[in-house]
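Q: Could we go through the strands of this model and how they pair?

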Amino acid sequence: MKGLRVRDIMIQEVTILKRNDKLTLADDIMQLGRIRHLPVLGDDTEQLVGIVSQRDLFRGALARALG
């Protein structure tokens, strides 16, 4: 990997979510696209505000199931 740069292996067509999108949308995108992480942008800006992962969705579903 010596000599390789991030730009050499990164995906350029990135699927994104907006901060107020429903978690079901995130789950659907991840399952259909076989994606484990999605960048989240602000609703009024194109600024990155976070990343949601499959693990985050699992943790949220578990917490809901356990009450």
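A: β2 and β3 form a hairpin with 6 residues between them. Strands here are DSSP runs (E, at least two residues) and helices are runs of H or I with at least four residues, numbered from the N terminus. This is a predicted model, in which local features need pLDDT of at least 70 and side-chain atom pairs count only at pLDDT 80 or more, while totals for chains, interfaces and linings use all residues. Residues are numbered from 1 along each chain as its sequence is written, and side-chain values use heavy atoms, leaving out hydrogens and water.

Q: In which sense do β2 and β3 pair, and over how many bridges?
A: They pair in the antiparallel sense over 5 bridges; pairing requires that DSSP finds at least two bridges between two strands.

Q: Which residue stands opposite S53?
A: H37 does. S53 is also in contact (heavy atoms within 4.5 Å) with M30, R36 and H37, leaving aside neighbours within four places in sequence.

Q: Is S53 buried or exposed?
A: S53 is buried, with a relative accessible area of 10%. Buried means under 20%, exposed over 50%, and partly exposed in between, with a 1.4 Å probe and protein chains only.

Q: And how many residues of β2 are buried?
A: In β2, 4 of its 5 residues are buried.

Q: Turning to the sheet, what is its strand order?
A: The open sheet of 3 strands runs β1-β2-β3, with mixed pairing. Its edge strands are β1 (17-18) and β3 (48-53).

Q: How does β1 pair with β2?
A: In the parallel sense, over 2 bridges; the bridge partner of L17 is V40.
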